[in-house]
Amino acid sequence: MPSTAESEGAIQAALEEVCASGLNSNGYPNLSLLKAAANYGVSRTTLTARWNGRLTRQEAHIPQQLLPPPQENLIKEWLKALACHSIPVSPKTLAKYATIISGKTVGPTWSDNFHTRHPDIKARWTTGLECCRAKALNCPQVTEFFAILEDVIRKFEITPSNIYNMDEKGVQLGIGKRMLALVDHDQKSVNQLESGDRELVTVIEAVCADGSFLPPSVIFKGKRRNLEWGRNNPCGASISVSENGWTDMELGFKWLVDDFEPATAARNLSNGWRLLILDRHNSHCTYEFVTFCEKHRIALICLPSHTTHRLQPCNVGVFGPLASCWKAVVNEHSRNGFQIEKSNFLSLYSEAHIRAFTDETIRSAFRKTGIWPFDPSIIEDAAFELALNTTTQAALPTAVTLPPILQVVYTDSMTFAATSDSSTPSPSPSPSPSSASPSAPQSSTSSPPTPSPDSSPSTPSPDSSPSTPSPDLSPSTPSPDLSPSTPSPNSSPSMPSPDSSPLTPSSTSAITDVSAQTQYEYVLAEFPSPMKRTARYADYVRKNKQMTEWAMKAKDQIVRDYAEKELFEHENGRIRQQLFAKKQAPRTSRAADGGPRHMTCKDTIMVLAKKDFTDQMKLVYEEASEIFKERKAKIKAYEKELKDEHDCIERERKAEERAAKKAEADAEKARLAEAKKMERVAKKVAADAKKLKLAEEKKRQKEIEREGKRQQKIIEDKEKRQRREVEKVAKKAERAAKKADTEPELFISDRSDSDDFKSINEIRELVDSIKSCCRHLDVSDAIHPQPDDPADQCIGASQTSDGDQLRPVNGGRDASNDLLEPIQRSSRQLREKARSH
């Protein structure tokens with residue numbers, strides 16, 4: 001029973017043949033559906049249903065898919081582009097992309113179903129590739145290597161029998177490979193016994209371009225060689241030892257002198273130059289190694305760094321079968337309980353060596369690298385794409401394409417002057433809008449993008465199948481009046497095709513002159529033209545169908561653009577994370593560059609000679625380092641002794657300075673203490689003097705007060721006496737007045753004749769005034785006024801600083817006299833009047 005894919009292919013072929021047969025006058029195909037079904041072995045019912053517009057099973061389930069066909073096609077292009085950039089997409093990542101675009105979590109079988117719907121993709125296991133190898137394998141490096149290789153082969157006329165390639169291979173003693181075994185159906189785990197010895201043995205192999213090879217050279221890990229290791233040596237290998245089991249400069253030169261040169265010289269019957277191609281290991285790039293090769297007519301070429309996976313025959317086609325055969329030998333002997341050791345390694349390695357190193361394998365390895373037969377084009381351009389993927393900008397893995405709903409229309413024509421191989425200029429016709437290529441106008445500032453792969457008419461749509469003829473297109477149906485520039489609904493968009501351009505990259509002509517600048521614009525492709533006013537119903541139906549198809553294409557393009565933006569955002573996020581991630585510290589670069597080199601040329605030999613001289617001087621310095629260390633130790637000891645002596649002298653000087661500073665500080669401190677003491681004494685003396693002065697002043701003040709009190713008492717006594725006298729006078733005056741009142745006749749008669757006689761009333765007035773004066777007299781205030789100075793507070797007197805008695809107040813006469821004078825004067829007058837009477 002044919003598969004679904006085969007039956008679908010037969011149905012499509014039958015439909016194409018029926019369409020190609022044409023239609024008869026009745027509108028039916030010339031080839032009947034019954035006959036076509038019989039010719040292709042398909043069901044007539046199915047073919048008739050498909051002819052009438054039924055969708056295929058896959059097309060019928062498109063609406064049920066998580067992603068529409070445009071988005072699935074975009075994801076398919078995306079994963080293809082990422083795989084070319086060594087970023088392959090796993091089924092899990094593919095499901096993640098679908099989740100990002102759709103916004104829904106996909107099921108576990110979605111990836112498998114996607115793979116089934118797109119048979120142009122396949123699943124393959126990946127192979128690890130270091131980043132340094134991806135960047136090193138670039139076009140300039142490879143081109144330079146093949147240029148050096150071609151120059152050396154032609155210059156020295158080297159034949160294939162003298163072209164050799166050498167490399168080292170590490171072999172683990174007891175590690176085999178996985179194998180397919182038959183076990184019980186219920187057994188869950190299957191184990192394979194092996195010794196598990198992971199000790200590494202280095203094997204140096206050399207192969208020739210004519211399919212032959214040289215005996216290997218084996219390097220065991222150890223300090224001394226054991227004779228038992230080489231007793232059973234069927235392959236005739238040379239044996240060496242090293243501490244780590246790896247090769248070094250000494251062992252590499254020993255292999256060249258003892259193994260390679262004698263073995264190749266015996267085969268070189270023509271005594272011509274030999275070519276040895278090897279990698280850039282430090283054991284191959286020594287001055288001693290290169291000069292030996294030059295003396296013995298051996299040309300050396302070093303491969304570019306990190307390119308041995310594509311340019312070295314041993315790595316490309318020899319060591320892979322050797323590793324597989326060795327692990328098979330380990331499995332065979334481990335199954336028999338045979339322990340693999342150094343003593344039996346050579347006998348077992350010979351078995352794998354014979355199986356792997358065949359004439360066809362070696363020739364194929366040289367052919368795949370392009371070394372012999374010499375073919376630089378064997379390295380395809382796709383291998384260099386990884387070296388171009390070193391940018392950190394936003395990535396666009398999918399090509400920029402023109403949407404199917406747009407087309408490019410050129411507005412200005414161009415005139416080209418093409419130059420053929422014979423340098424004869426010839427004009428080329430200016431391209432029409434429908435046949436011009438976007439890549440043709442090379443002088444334009446910008447060029448339109450290429451058509452999208454989805455613009456092909458074979459793209460299925462939910463409304464109609466492109467491969468299914470429509471009943472409306474039968475000859476009996478009148479065709480609409482479409483303009484000449486409007487394409488038919490089922491025709492492909494009128495995009496410029498690169499094949500239709502008169503100037504293609506493969507053409508021998510070249511553009512030498514552009515007479516006019518090309519301008520173009522974008523117009524809607526397959527968009528129906530406006531209907532005439534006299535259009536019929538069938539025309540409107542056809543236009544409606546065309547509009548529906550165009551809208552579906554626009555919808556598909558919008559869906560694709562949305563999915564593309566989502567993927568771009570996801571990819572840019574990944575690149576940003578990679579850009580800002582913590583970078584590993586760069587390795588220390590070697591002195592030599594990583595490009596290919598002809599090691600036996602004079603310039604390289606001079607460089608290696610300088611390097612060898614430098615290395616020898618380093619060895620001399622290392623040998624003399626002990627003497628230098630001893631002398632340096634003595635110099636350091638002498639310098640330390642001088643330093644200790646200087647430090648001792650310096651310490652003594654500093655101690656003396658500290659003592660002098662301390663003595664000066666003590667003296668200053670004593671002087672300050674003495675000054676403070678004298679100051680305290682002076683203050684005490686001044687305070688005592690002040691106290692004495694205050695005591696004397698107080699004593700003097702007391703004496704002045706006593707003297708004042710004494711004077712005051714004297715004055716008071718005097719005042720009392722004066723008061724008594726005044727009282728006596730007053731009393732006398734009063735008695736006289738009384739007497740005058742009682743005996744006025746005496747006075748009148750006695751004075752009647754006198755002119756100055758006064759009446760008795762005047763005498764009374766005089767007596768009244770004397771009484772009032774005596775009555776209001778304040779003798780203490782009149783005699784002792786209060787002075788302003790407190791020091792002179794003594795009644796009626798003051799004292800100078802010399803202790804002299806002050807003069808009385810009122811100019812030295814007593815104040816009481818001033819008060820007694822009018823009384824005395826009145827008294828005298830009265831006496832005089834009495835006498836006169």
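This is a predicted model: local features need pLDDT of at least 70, side-chain atom pairs count only at pLDDT 80 or more; totals for chains, interfaces and linings use all residues.
The chain has 837 residues, of which 33% count as buried. Its secondary structure comes to 23 helices and 14 strands. Among contacts between residues at least 6 apart in sequence, 74% join residues at least 24 apart.

Helix H7 (residues 110–117) packs with helix H5 (residues 69–84) at an angle of about 90°, the two axes being 12 Å apart. H5 and H7 are therefore roughly perpendicular to each other. On the H5 side the contact is made by Glu72, Ile75, Lys76 and Leu79, which meet Trp110, Phe114 and Arg117 in H7. By class, this contact of H5 with H7 has four nonpolar and three charged residues, with no polar ones.

H7 also packs with helix H6 (residues 91–102), again at an angle of about 90°, and here the axes lie 9 Å apart. H6 and H7 are accordingly roughly perpendicular to each other. Pro91, Leu94, Ala95 and Ala98 of H6 form the contact with Trp110, Ser111 and Phe114 of H7. The residues of this contact of H6 with H7 comprise six nonpolar, one polar and no charged. An α-helix has 3.6 residues a turn, so residues three or four places apart point the same way.

A further helix pair is formed by H13 (residues 313–335) and H14 (residues 345–356), which pack at an angle of about 135° with their axes 8 Å apart. That angle makes H13 oblique to H14. The crossing of H13 with H14 is right-handed. From H13, the residues in contact are Pro321, Leu322, Cys325, Trp326, Ala328, Val329, Glu332 and His333; from H14, they are Phe345, Leu348, Tyr349, Glu351, Ala352, His353, Arg355 and Ala356. Sorted by class, the residues of this contact of H13 with H14 are eleven nonpolar, two polar and three charged. Cys325, one of the H13 residues that meet H14, counts as buried because its relative accessibility is 16%, under the 20% cut-off.

H13 and H14 also take part in covering helix H15 (residues 359–369). The buried residues of H15 are Thr361, Ile362, Ser364, Ala365, Phe366 and Thr369. Besides H13 and H14, the elements that cover these residues include helix H9 (139–156), strand E1 (163–172), strand E2 (200–208) and helix H12 (308–311). Just after H15, Gly370 takes a positive phi of about 80°.

In helix H11 (residues 287–295), the residues Phe289, Val290, Thr291, Phe292 and Cys293 are buried. Just after H11, a positive phi of about 60° is found at Arg297.

No disulfides are present in the structure. Cys285 is in no disulfide, because the nearest cysteine sulfur, that of Cys302, is 4.0 Å away, whereas a disulfide requires a pair within 2.5 Å. Cys285 is buried, with a relative accessible area of 17%.

Key. Residues are numbered from 1 along each chain as its sequence is written. Side-chain values use heavy atoms; hydrogens and water are left out. Buried means under 20% relative accessible area, exposed over 50%, partly exposed in between (1.4 Å probe, protein chains only). Axes are lines fitted to C-alpha atoms, for helices over the stretch in contact, and angles run from 0 to 180 degrees between N-to-C directions. Helices (H or I, at least four residues) and strands (E, at least two) are DSSP runs, numbered from the N terminus. Angles under 35 degrees count as roughly parallel, over 145 as roughly antiparallel, 65 to 115 as roughly perpendicular and the rest as oblique. A crossing is left-handed if the near helix is turned anticlockwise from the far one by less than a right angle, and right-handed if clockwise. Contact means heavy atoms within 4.5 Å. Ala, Val, Leu, Ile, Met, Phe, Trp, Tyr, Cys and Pro count as nonpolar, Asp, Glu, Lys and Arg as charged, and the others, Gly among them, as polar.
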